Amino acid sequence: LQTPFLSLSLQAKMSRPVQAQRLEGIDKNIWVEFVKLAATYSTVNLGQGFPDFPPPDFLKEAFVRALSVENYMLHQYTRAFGHPPLVKILAQFFGKLLGRDLDPMTNVMVTVGAYQALFCCFQAFVDEGDEVIIIEPCFDCYEPMVKMAGGTPVFVPLRPKAPKDGKLMSSADWQLDPAELSSKFSKRTKAIVLNSPNNPLGKVFSRGELELIADLCVKHDILCISDEVYEWLVYDGKEHIRIASLQGMWDRTVIIGSAGKTFSATGWKVGWTVGPDRLLQHLRTVHQNSVYHCATVAQEAVAQGFQRELELYGKPESYFVQLPKELQQKRDWLVQSLDAVGMKPIIPEGTYFLVADISEFKSDVPDVPNSDEPYDSRFAKWMVKNKGLAAIPLSAFYCGSHKNNYDHFIRFCFAKEEATLKAANDILQKWKREKTSP
Amino acid sequence: MLFASRSFCCLGIRTYQLQTDLLSRSIKLSSYATMAFRHKNTRRIEGLDSNVWVEFTKVAADPSIVNLGQGLPDISPPSYVKEELAKAAAVDRLNQYTRGFGHPSLVKALSQVYERVCGRKIDPLTDILVTVGAYGSLFSTIQALIEEGDEVIIIEPFYDCYEPMVKMAGAKPIFIPLRYKNYGNSASSADWVLDPAELANKFNSKTKAIILNTPHNPTGKVFTREELQVIADLCIKHDTLCISDEVYEWLVYKGKKHIKIATFPGMWERTITIGSAGKTYSVTGWKLGWSIGPQNLIKHLQVVHQNTLYTCPTPLQEALAQAFWIDYKRMDDPDCYFYSLSRELEGKRDRMAQLLQEAGLKPVIPDGGYFMIVDVSTLNVDLSDVDEKQPYDYKFVRWMITSKKLSAIPLSAFCGPETKRQFEKYIRFCFIKKDSTLDAAEMILKNWNKQTA
């Protein structure tokens with residue numbers, strides 16, 4: 001149907017890009033590249049954050065029970081805002097933790113992983129021109145999600161303080177400068193994103209640090225999007241404090257959680273939001289106009305998982321007690337392995353990530369002046385291709401203009417079987433030997 | 001009790017539960033007004049909070065009501081589908097993240113099935129995106145390709161999410177109704193057609209896309225080759241995209257054929273075709289769907305996906321892949337589930353139609369899908385004393401639920417504001433129901449006239 005000439009309006013239309021403007025600047029994603037590299041080259045994958053051990057037996061059994069013959073209706077739609085058994089137990093569980101009465105129908109909403117919960121928050125509350133404060137280094141999706149919503153991300157860094165002589169740095173040594181943080185708030189600030197325990201550093205914000213943030217939220221009357229997916233993974237007797245429990249915060253906070261991280265089942269993609277109805281009603285609007293329902297069977301199984309944990313809360317058999325205990329041991333193994341070869345680990349207070357300073361290994365991957373790519377990214381790619389060990393460059397967790405600020409760190413995930421961590425140790429030892437031998 | 005309903009709670013304005021002592025201690029009184037403003041929702045979701053399902057799934061959650069409303073099977077999915085899910089969940093690594101744009105074995109299986117159906121090469125990595133239900137595919141497509149200043153043509157009646165999704169993307173929905181042409185005694189979904197001149201008038205330089213749904217929810221219309229050609233010609237002439245919602249693609253009844261508009265000359269490069277595991281395998285609760293199209297369009301959907309939920313559940317995708325392999329291998333065999341389900345449903349369709357006719361109702365026999373719309377005006381139920389402002393079909397369904405214990409969905413829920421009056425004498429029944437449900441419906445319909453006499 002070619003006409004000899006096209007109308008002006010048709011020409012104009014054809015010269016415009018087909019995609020919507022909201023996609024501008026958010027098409028790049030490091031995971032696409034690094035996951036592919038790990039799949040192609042790695043023998044030991046400590047890159048992407050997921051366990052290489054299975055979910056606990058009680059959870060797998062719950063899934064199988066959900067598939068029994070009499071439960072065939074679990075293959076059909078459930079309640080859009082969350083499968084009733086799941087929202088009921090979440091309301092009970094988090095009500096207990098927060099010390100308040102939660103209504104499962106209005107104070108809880110289930111999402112497709114914590115990722116979709118974040119998406120709902122930004123879409124519900126961030127309009128064109130709104131500013132959102134993001135603490136760096138951070139999980140990489142916050143920035144593009146804010147941009148997709150038409151908002152402006154405003155970054156504030158955690159700054160490392162030198163550790164005491166002879167000691168290894170801890171994630172606690174990375175701190176916000178209160179004056180700097182305060183300066184980031186403006187009339188246009190709509191929300192701040194808090195991630196504690198923090199990915200990638202593993203920092204567990206202290207009460208004092210949270211109070212600082214809370215005071216500013218209240219003073220400037222802004223929302224707090226609190227990504228707490230690693231809430232159970234805290235070590236050395238530290239406490240995960242929920243900012244929503246601080247004064248003035250419940251009414252302005254959306255708490256985000258994840259079954260994937262809680263129960264080592266990242267592939268189930270079950271997450272949730274907890275908060276006041278006045279905020280959650282808008283998350284429900286986004287949810288019902290984007291995915292509407294979440295898959296039923298996994299929600300049923302997660303509900304049963306939480307039921308068990310509610311009954312065993314605080315007891316040694318509780319998965320929420322056992323998992324951090326196991327992971328702390330793994331953390332310590334990895335710290336030892338890295339320290340022994342000269343990669344300086346920053347000991348994480350929480351999460352299953354660990355960031356290490358690779359400065360002593362720089363000779364293997366020479367600096368390329370004026371390179372577009374941050375050093376740590378080139379290092380990580382070289383390492384997976386040549387040593388078979390996959391990790392993620394820390395620059396991946398900084399926004400575009402800050403990527404070169406901390407370019408000699410890489411992030412390891414230690415939620416791995418003992419054998420995997422031993423194999424990592426072997427690679428590191430061999431590498432060190434190759435460096436020191438003439 | 002299981003809630004097999006789409007939405008359970010009421011979304012109306014709730015009384016704000018003030019923790020007054022906490023608030024007054026920490027917030028000065030003068031800033032309370034600012035707080036109300038600050039916590040306001042964004043413009044993009046303004047007015048999109050209400051929804052027909054809120055009301056009608058709530059009432060139908062009552063087990064004493066025979067629920068033919070929401071589109072949800074109460075029959076069991078095939079056993080091999082359930083078995084594959086159990087097998088997948090037993091594999092450790094299948095409980096962790098998979099590839100964001102679609103689990104490799106699933107996109108491979110989809111590419112094989114659809115290559116066969118479309119007669120063209122489909123690249124599993126670049127031409128396919130797996131999403132959270134077809135709903136997620138619609139959202140990804142609209143967010144990727146539609147924005148403020150665009151117009152999107154929507155054919156009425158329409159699956160209700162199209163309108164709010166287009167609005168959420170900042171664009172303007174342009175409605176065009178299917179119009180009933182009486183060709184004789186039988187009322188068939190084929191009698192509902194678009195007026196080609198009227199359709200052509202809806203296209204202009206702002207028209208970014210048209211949303212096509214075939215087989216059609218709620219009428220069950222299966223667009224013919226000629227009807228699709230009219231749409232295709234306009235898309236090409238105006239350089240418009242086509243979002244083709246084909247979730248009921250396998251559910252076509254005797255004498256009818258599902259035709260994919262993407263296979264027409266000039267259409268592959270401008271069409272996103274959407275499919276659904278829920279409708280293909282009677283597993284609506286798995287919430288897996290897919291978008292298939294040319295790389296230069298799918299890549300934008302992938303960008304939306306990586307910034308919204310990143311990846312879909314792994315064990316469900318693996319199980320779906322295995323189910324597809326089983327049926328792909330027997331696509332020449334009548335026992336293939338794609339064909340056997342539609343045969344089973346045809347029987348239910350015919351039974352449903354008969355029951356409705358015997359009760360004095362005029363069903364529109366669908367050529368596809370698992371819904372049937374019915375003209376209830378022949379019953380002459382006088383509801384004039386009930387709230388005037390409500391469309392007749394809403395009043396009728398509420399009355400039917402209360403007095404007959406039978407639920408359906410009012411058709412005006414699927415219409416734009418101008419057309420609601422046109423469709424308010426129709427209600428929609430879902431017939432993908434087990435025999436005992438249809439038996440219960442039969443009892444109600446047989447006794448209908450006795451009670452009203």
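Guide: In the largest nonpolar core, which counts 309 residues, the members that touch the most others are A:Phe306, A:Met343 and A:Phe412. Helix α5 of chain A, residues 113–125, gives the most to this core, namely ten residues. Please keep in mind that this is a predicted model.

Ring pairs link A:Phe306 into a cluster whose members include A:Phe58, A:Phe93, A:Trp232, A:Tyr313 and A:Phe320.

Rings pair up elsewhere as well: a search of the whole structure finds 59 aromatic pairs over all chains. One of them joins B:Tyr159 and B:Tyr162, edge-to-face, at 6.0 Å centre to centre with 75° between the planes. B:Tyr159 counts as buried because its relative accessible area is 14%, under the cut-off of 20%. B:Tyr162 is buried too, with a relative accessible area of 3%. Another edge-to-face pair is B:Tyr370 with B:Phe371, at 5.1 Å centre to centre and 65° between the planes; both of these residues are buried.

Finally, rings can have a charge for a neighbour. The charged end of B:Lys221 sits over the ring of B:Phe223, 5.1 Å from its centre. In the case of B:Trp448, the charged end of B:Lys404 sits over the ring, 5.0 Å from its centre.

Technical notes:
Residues numbered from 1 in each chain as written. Chains lettered and ligands numbered in written order. Predicted model: local features only at pLDDT ≥ 70, side-chain atom pairs only at ≥ 80, totals over all residues. Heavy atoms only, no water. Phe/Tyr/Trp six-rings, centres within 6.5 Å; stacked < 30°, edge-to-face > 60°. Buried < 20%, exposed > 50% of the residue type's maximum accessible area, 1.4 Å probe, protein only. Lys NZ or Arg CZ within 6 Å of the ring centre and 35° of its normal. Core = buried A, V, L, I, M, F, W, Y, C linked by side-chain atoms within 4.5 Å. Helix = DSSP H or I, 4+ residues; strand = E, 2+ residues; numbered from the N terminus.
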